[in-house]
Amino acid sequence: MKIICIGRNYIDHAKELNNPVPEIPIFFVKPDTALLRTHEFYLPPFSSNIHYELELVVKIKKVGKCISKRFAAKYYDEISLGLDLTARDLQEECKKKGLPWEIAKGFDSSAPIGKWYPKEDLKTLDFYLLKNGVKVQEGNPSQMLFDLDHIIAYVSKFMTLKKGDLIFTGTPAGVGKMNAGDVFEAFLDTKKTLNLTVR
Ligand code: MG
């Protein structure tokens with residue numbers, strides 16, 4: 001399976017990192033070794049600035065290529081929340097040098113993922129993140145520059161989507177640094193979906 005991540009999909013987040021607002025979706029891929037299913041994340045030695053980015057995640061349920069927007073919703077039926085963990089210091093270096101982002105975005109355990117819900121069980125797709133009990137991020141797909149159908153149609157022009165692939169759909173504003181001892185709790189439609197302690 002692969003993990004596809006959309007970048008700069010919320011205007012407020014693009015602005016907080018001084019990035020231009022994109023005209024077409026930006027995406028990158030994390031390897032399957034990025035998946036983290038436990039509730040503990042160990043800060044890696046190669047970065048001194050790991051950021052959390054809370055994102056709505058969809059799980060692809062069948063193979064598809066060049067999927068049209070109008071059929072895109074048929075390609076996923078489970079939704080969760082994930083953290084697109086980012087070594088912001090390494091990413092800044094990569095951006096300056098025009099290098100790919102893999103070391104900053106694709107490292108081991110850089111994709112903690114929460115509990116899955118059938119999409120029909122969710123009344124809303126409102127989501128938010130608490131850091132040590134304080135709300136630091138909140139969002140809803142209505143704030144996305146490119147909606148879920150658009151993302152699936154666009155990505156599948158380039159890469160065949162397969163059953164079990166995950167799409168991280170971008171983060172709203174409020175990203176920040178993770179410190180040892182921090183506890184993160186993420187909620188989707190008021191349901192506690194993910195919790196993670198930083199070691
Ligand atoms: Mg992200």
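## Asp182, a buried acidic residue

Asp182 is located in the loop that runs between strand 14 (176-177) and strand 15 (183-188). The model described here is a predicted one. Asp182 is buried, yet it takes part in no salt bridge. The nearest side chain of opposite charge belongs to Lys131, 4.1 Å away.

## Salt bridges across the chain

The structure contains 13 salt bridges. One of them joins Lys2 to Asp165, with the closest N and O atoms 2.6 Å apart. This pair connects distant parts of the chain: Lys2 belongs to the segment before strand 1 (3-7), whereas Asp165 sits in the loop between helix 4 (148-158) and strand 13 (166-168), and the two are 163 residues apart. Both Lys2 and Asp165 are buried.

A salt bridge also forms between the side chains of Glu53 and Arg88, at 2.8 Å from N to O. Glu53 is in the loop between strand 5 (50-52) and strand 6 (54-60), and Arg88 is in helix 2 (residues 88-97), so this pair ties together parts that are 35 residues apart in sequence. Glu53 counts as buried because its relative accessibility is 4%, and Arg88 is buried with a relative accessible area of 4%. Glu53 and Arg88 also belong to a network of salt bridges that links them with Lys30, Asp84 and Lys105.

In soluble globular proteins, nonpolar side chains tend to be buried together. The largest nonpolar core of this model has 42 residues, and Phe41, Ile167 and Met178 touch the most other members. Strand 1, strand 5, strand 6, strand 7, strand 11 (127-131), helix 4, strand 15 and strand 16 (191-198) each give two or more residues to this core. A second, separate core has 12 residues, among them Ile3, Val57, Trp101 and Ile113.

Met178 illustrates how such a residue is surrounded. Apart from its neighbours within four places in sequence, Met178 is in contact with Phe41, Leu43, Ile50, His51, Tyr52, Leu85, Phe184, Leu196 and Val198.

His51, one of the contacts of Met178, is placed in strand 5. His51 is buried, with a relative accessible area of 10%. The side chains of His51 and Asn49 are joined by a polar contact of 3.4 Å. Beyond residues up to four places away in sequence, His51 touches Asp84, Leu85, Thr86, Arg88, Val175, Gly176, Lys177 and Met178.

Which residues of helix 4 are buried? They are Leu148, Ile151, Ile152, Ala153, Tyr154, Val155 and Ser156. The elements covering these buried residues include strand 1, strand 2 (26-30), strand 6, strand 7 and strand 13.

## Cysteines

A disulfide is a covalent bond between the sulfur atoms of two cysteines. The structure holds 0 disulfides. For Cys5, the nearest cysteine sulfur is that of Cys94, 15 Å away. Cys5 is buried, with a relative accessible area of 0%, whereas Cys66 is exposed, with a relative accessible area of 54%.

## Positive phi angles

Most residues other than glycine have a negative phi. Arg8 is not a glycine, yet it has a positive phi of about 50 degrees. Arg8 is found in the loop between strand 1 and helix 1 (11-16), and it counts as buried at 17% relative accessibility.

Asn132 likewise has a positive phi of about 50 degrees without being a glycine. Asn132 lies in the loop between strand 11 and strand 12 (134-139). With a relative accessible area of 44%, Asn132 is partly exposed.

How values were computed
Residues numbered from 1 in each chain as written. Predicted model: local features only at pLDDT ≥ 70, side-chain atom pairs only at ≥ 80, totals over all residues. Heavy atoms only, no water. Helix = DSSP H or I, 4+ residues; strand = E, 2+ residues; numbered from the N terminus. Buried < 20%, exposed > 50% of the residue type's maximum accessible area, 1.4 Å probe, protein only. Lys, Arg positive; Asp, Glu negative; His and termini not counted. Salt bridge = Lys/Arg side-chain N within 4 Å of Asp/Glu carboxyl O. Core = buried A, V, L, I, M, F, W, Y, C linked by side-chain atoms within 4.5 Å. Contact = heavy atoms within 4.5 Å. Disulfide = S-S within 2.5 Å. Polar contact = N/O pair within 3.5 Å; in protein donor to acceptor, adjacent residues only side chain to side chain.
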